[in-house]
Amino acid sequence: MIYKSAPFPINRPRRLRQADWMRDLVRENQVSVQDLIWPIFVRDGNGVVEPVKSMPGVNRYSIDKAVEAAIQASDAGIPVVALFPYTDPSVKTPDAAEAFNPENLVNRATRAIKAAVPDIGVMLDVALDPYNSDGHDGLVRDGVVLNDETLLVLERQALVQAESGADILGPSDMMDGRIAIIRTALEQNDFQNVAIMAYSSKFASAFYGPFRDAVGSGGALTGDKATYQIDPANSDEALRMVARDLEEGADMVMVKPGMPYLDMCRRVKDAFAVPTFAYQVSGEYAMIEAAGQNGWIDRDRAMMESLLGFKRAGCDGVLTYYALEVAQKIETFI
Ligand code: PBG
């Protein structure tokens with residue numbers, strides 16, 4: 001504590017909680033639209049808006065609809081959309097070649113969005129899971145997720161994404177050495193301004209379940225991701241991953257999942273003082289929605305409180321499926 005407070009009744013903390021105006025005055029943190037990154041799921045087709053069953057309120061959009069969504073996001077003041085593909089199973093292969101196809105869903109969607117709304121940032125995931133018939137983030141041989149062979153595919157994927165106009169690359173694969181190889185490739189190919197937001201503090205989590213449903217990678221996945229994602233028990237290790245990724249050329253780092261790992265948000269921000277983001281992942285979203293639908297919690301308040309928690313924990317921003325709704329409603333919340 002910085003100071004020793006006066007004893008009661010000289011000190012009455014409730015004085016500062018007595019009315020809205022007073023609480024407004026002394027509030028330490030707030031969620032603003034500029035803090036929000038909106039993940040959007042993209043699929044094939046035209047005019048398609050397809051609900052994701054395990055994420056009520058979240059849809060998969062065909063590219064034309066994703067463009068409309070990006071326009072809405074931009075109008076609401078959201079700085080960045082993050083695109084994730086629902087890849088048709090017929091295009092998934094063991095070599096994940098669709099990952100570096102310039103005409104794949106996210107690359108086409110990026111070009112369409114940048115053409116229609118040049119002022120919004122587009123972020124793309126660098127990882128193989130949407131394209132790999134094994135459902136893993138890396139190439140698999142004899143049941144082993146290969147590190148160095150995967151790096152070569154990630155490098156090609158990243159370059160094609162940069163060529164398509166992606167502004168931020170988010171390596172989410174957790175292979176060793178990925179940030180260095182991607183940063184070097186970007187520098188050598190005239191993409192100096194493409195930023196990297198590294199999924200550095202990324203845990204092997206049960207909270208990704210609904211996402212794997214949304215991108216259709218869950219069915220394909222054999223085993224778990226524990227040989228590359230971080231053990232949920234480890235906090236020092238996650239800090240070392242942040243240090244490593246920053247040394248290799250990451251501009252921003254991420255903690256993922258968010259709410260069960262708020263300690264990591266605070267540790268990362270305090271230790272490195274770099275732009276720090278949390279990903280409020282699909283399972284966190286699904287929990288709030290499910291409890292809200294059952295009438296067990298006040299869904300709107302839980303949504304805002306969960307986002308405020310990230311700010312309090314030191315995050316500069318949050319990837320959240322709530323982004324558009326919050327951006328459109330924020331005035332009424334604050
Ligand atoms: C892919 C990736 C995942 C998420 C973002 N990128 C899933 C995973 O690692 O299995 C999860 C996002 C969410 O759950 O909302 N590497």
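The following dialogue discusses how to read selected features of a predicted model.

Colleague: Which conventions apply to this model?

Modeller: The model is predicted, so local features need pLDDT of at least 70 and side-chain atom pairs count only at pLDDT 80 or more, whereas totals for chains, interfaces and linings use all residues. Residues are numbered from 1 along each chain as its sequence is written, and side-chain values use heavy atoms, with hydrogens and water left out.

Colleague: How many residues of strand 4 are buried?

Modeller: Helices (H or I, at least four residues) and strands (E, at least two) are DSSP runs numbered from the N terminus. Buried means under 20% relative accessible area, exposed over 50%, and partly exposed in between, with a 1.4 Å probe and protein chains only. Six of the six residues of strand 4 are buried, and the strand is mostly covered.

Colleague: Which way do the side chains of strand 4 point?

Modeller: In a regular strand, side chains alternate between the two faces of the sheet. Here Val80, Ala82 and Phe84 point one way, while Val81, Leu83 and Pro85 point the other way; all are buried.

Colleague: Which strands pair with strand 4?

Modeller: Two strands pair if DSSP finds at least two bridges between them. Strand 1 (residues 36-43) pairs with strand 4 in the parallel sense over six bridges, and Phe41 has Phe84 of strand 4 as its bridge partner. Strand 5 (residues 121-126) also pairs in the parallel sense with strand 4, over four bridges; there, Met123 is the bridge partner of Ala82. From strand 4 the chain crosses through helix 3 to strand 5, and this β-α-β crossover is right-handed. The term right-handed means that, with the strands pointing away from the viewer, the path from the first strand over the helix to the second runs clockwise.

Colleague: Where is Ala97 found?

Modeller: Ala97 belongs to the loop between strand 4 (80-85) and helix 3 (105-116). Its relative accessible area is 27%, so Ala97 is partly exposed. Ala97 and Ala116 are 19 residues apart in sequence and 28 Å apart in space, C-alpha to C-alpha.

Colleague: Why is strand 9 described as largely enclosed?

Modeller: Strand 9 (residues 195-202) is largely enclosed by the rest of the structure because eight of its eight residues are buried. Strand 8 (residues 168-171) runs parallel to strand 9 and is joined to it by two bridges, with Ala195 of strand 9 as the bridge partner of Ile168. The chain passes from strand 8 through helix 5 (residues 178-188) to strand 9 in a right-handed β-α-β crossover. Strand 9 and strand 10 (residues 252-256) pair in the parallel sense over five bridges, and Ser201 stands opposite Val255 in strand 10.

Colleague: How many disulfides does a search of the whole structure find?

Modeller: A disulfide is a pair of cysteine sulfur atoms within 2.5 Å. The search finds zero disulfides. Cys265 is in no disulfide, and the nearest cysteine sulfur, that of Cys315, is 3.5 Å away. Cys265 is buried, with a relative accessible area of 0%, and Cys315 counts as buried at 3% relative accessibility.

Colleague: Which residues make the nonpolar surface patch?

Modeller: Patches are made of residues with over 30% relative accessible area and no salt bridge; like charges are joined within 9 Å, and nonpolar side chains (Val, Leu, Ile, Met, Phe, Trp, Tyr) within 5 Å. A salt bridge is a side-chain nitrogen of Lys or Arg within 4 Å of a carboxyl oxygen of Asp or Glu. Accessible areas come from the Shrake-Rupley method with a 1.4 Å probe, and for residues only the protein chains shown count as cover. Leu16, Trp21, Leu25 and Val26 make a nonpolar surface patch of about 430 Å². Val26 lies in helix 1 (residues 20-26) and counts as partly exposed at 37% relative accessibility.
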